[in-house]
Amino acid sequence: METLIQKLEKSEVKLTVTLTEEEMKKFRTKAVLDLQDKVKVPGFRAGKIPEDVLMGEFGEQAFLSVVLEFAVSESYEEAVRKEGLRPVGYPKMNIVQQDPLKYEATLPTVPEVKFKKDIQSVKVSRQKPEVKDEEIQNVLNDFVKRTVEWKDVVREAKLGDRVEIDFEGKDAGGVPLDGTSSKNHPIVLGSQSFIPGFEEEIVDMKMGDEKDFEITFPKDYHSAAFKNKKVKFHVKLNRIEEGQESKLDDAFAQKVSKDEKKTLADLKGEISVELGHQKEHEEDTRLEGEFLKELLEIVEAEVPEVLVEREIDFLIERIKADLEKRKQKWEDYEEEMKEKGKNIREELKKPALEQVLIRLGLERLFELENPEITEQDIEEAIEHLVGHYPPEFQVMLKGRYAEGSQEREGVKSGVRLKKVVKAHTTHDTAH
């Protein structure tokens with residue numbers, strides 16, 4: 001078997017393969033053995049049908065097609081190994097001649113990756129996180145809001161009250177609209193959990209009052225069916241509750257922590273430590289993002305189109321999943337993009353290319369620097385990932401990170417990235 005390599009643009013390669021007469025005989029024999037089990041010929045036992053008889057049964061062209069299928073399949077894999085190619089997609093085949101076989105396979109391969117400058121010169125600066133008193137106070141204020149005690153009152157509703165309402169929305173013709181009605185629906189006035197203008201209409205109503213008003217939905221509302229739509233609402237107020245906030249003292253600290261010995265100072269200290277951990281994690285995330293941005297600036301590679309298209313497919317699936325979480329439809333998103341005169345795949349082409357370049361750059365960087373990671377590093381990262389879930393779910397979740405799983409490989413890459421970023425990090429003494 002002879003092979004010839006010709007490099008094309010965007011990391012594509014034209015691989016020309018030529019087989020000998022002897023090699024073709026081997027594949028003809030394989031075709032005979034394969035076809036013997038698929039036909040019965042009077043006068044011949046199964047597995048003993050000669051080639052010329054089989055050719056007569058199937059037709060010369062059909063027989064040769066099977067020969068070529070075996071020849072191309074096996075010789076292509078052998079040629080790829082022989083030339084040390086790393087395909088990233090299916091080849092385009094062109095048969096030049098059939099006997100002996102000569103064909104051309106045009107295939108996308110993993111591109112050669114270079115850096116525009118010495119990778120060791122790429123540095124990111126770590127800033128020392130600082131926890132401010134006002135941030136601790138904000139957390140305490142949030143605790144206070146979440147522990148508000150509500151009591152019924154008989155008066156006009158005002159901002160800050162929690163109310164229960166019945167409401168129903170109708171279009172201009174008086175037809176009820178799906179998703180715009182509810183009974184005894186709780187809402188804190190001023191929380192902005194409803195569409196703009198709705199909560200303000202409840203202010204000054206008394207228990208038992210009913211009211212009709214019209215609201216125009218926002219132009220950027222998540223559901224296309226309601227964008228800029230005028231809806232007439234009928235509302236009945238069933239209940240008004242006034243909130244009583246707790247006083248910030250030792251008793252409050254003991255209440256929220258369920259520890260009779262805890263003081264407000266102790267609680268503030270715990271909040272400060274937790275905020276410190278959060279800020280350290282945020283700084284880690286910022287540094288990784290900054291490093292990847294710097295890496296993207298210096299990566300050079302001719303990226304095959306197939307890798308970009310594959311990444312676009314991945315990004316689209318991620319958008320769909322995000323929309324589903326927000327109870328939104330992909331079709332509405334498509335329509336919105338069309339209205340803006342945008343093609344989704346075209347819009348995603350640049351970020352997709354950047355993601356591929358970053359991934360290729362990291363792979364090359366891992367080869368060059370070979371950051372050492374241990375099983376303990378991986379297990380600690382997994383523990384951190386599942387630690388946010390209740391204990392009863394953690395065993396099940398850990399099972400997803402079994403040896404050889406795609407999830408575990410993802411964790412390994414994450415650990416490698418952290419080690420590489422750490423090696424390229426300096427500390428900003430000004431903070």
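Predicted model: local features only at pLDDT ≥ 70, side-chain atom pairs only at ≥ 80, totals over all residues.
Residues are numbered from 1 along each chain as its sequence is written, and side-chain values use heavy atoms, with hydrogens and water left out.

**Exercise 1. Describe how helix 4 packs on helix 7.**

Step 1. Locate the elements. Helices (H or I, at least four residues) and strands (E, at least two) are DSSP runs, numbered from the N terminus. Helix 4 covers residues 133-146. Helix 7 covers 264-298.

Step 2. Take the geometry. The two axes come within 10 Å and cross at roughly 110 degrees. Axes are lines fitted to C-alpha atoms, for helices over the stretch in contact, and angles run from 0 to 180 degrees between N-to-C directions.

Step 3. Classify the angle. Angles under 35 degrees count as roughly parallel, over 145 as roughly antiparallel, 65 to 115 as roughly perpendicular and the rest as oblique. Helix 4 and helix 7 are therefore roughly perpendicular.

Step 4. List the contact (heavy atoms within 4.5 Å). Helix 4 brings Glu135, Ile136, Val139, Leu140 and Phe143. Helix 7 answers with Leu264, Leu267, Lys268, Ile271, Ser272, Leu275 and Lys279.

Step 5. Sort by class. Ala, Val, Leu, Ile, Met, Phe, Trp, Tyr, Cys and Pro count as nonpolar, Asp, Glu, Lys and Arg as charged, and the others, Gly among them, as polar. The contact of helix 4 with helix 7 holds eight nonpolar, one polar and three charged residues.

**Exercise 2. Classify the crossing of helix 11 and helix 12.**

Step 1. Helix 11 (375-386) and helix 12 (391-399) have axes that come within 10 Å and cross at roughly 135 degrees. That makes helix 11 oblique to helix 12.

Step 2. Ile382, Glu383 and Val386 of helix 11 touch Gln394, Leu397 and Lys398 of helix 12. This contact has three nonpolar, one polar and two charged residues.

**Exercise 3. Work out what lines the largest pocket.**

Step 1. Count the lining. The largest pocket has 37 lining residues. Glu288, Ser413, Gly414, Val415 and Leu417 lie nearest its centre. (On a 1 Å grid over the protein atoms alone, a 1.4 Å probe fits at the points; a pocket is an open set with protein on both sides within 12 Å along at least five of seven lines, and lining residues have an atom within 4 Å of a point.)

Step 2. Assign the elements. Helix 13 (406-423) is among those that supply at least two residues. Helix 13 gives the most, with 13 residues.

Step 3. Sort the lining. It has 13 nonpolar, ten polar and 14 charged residues.
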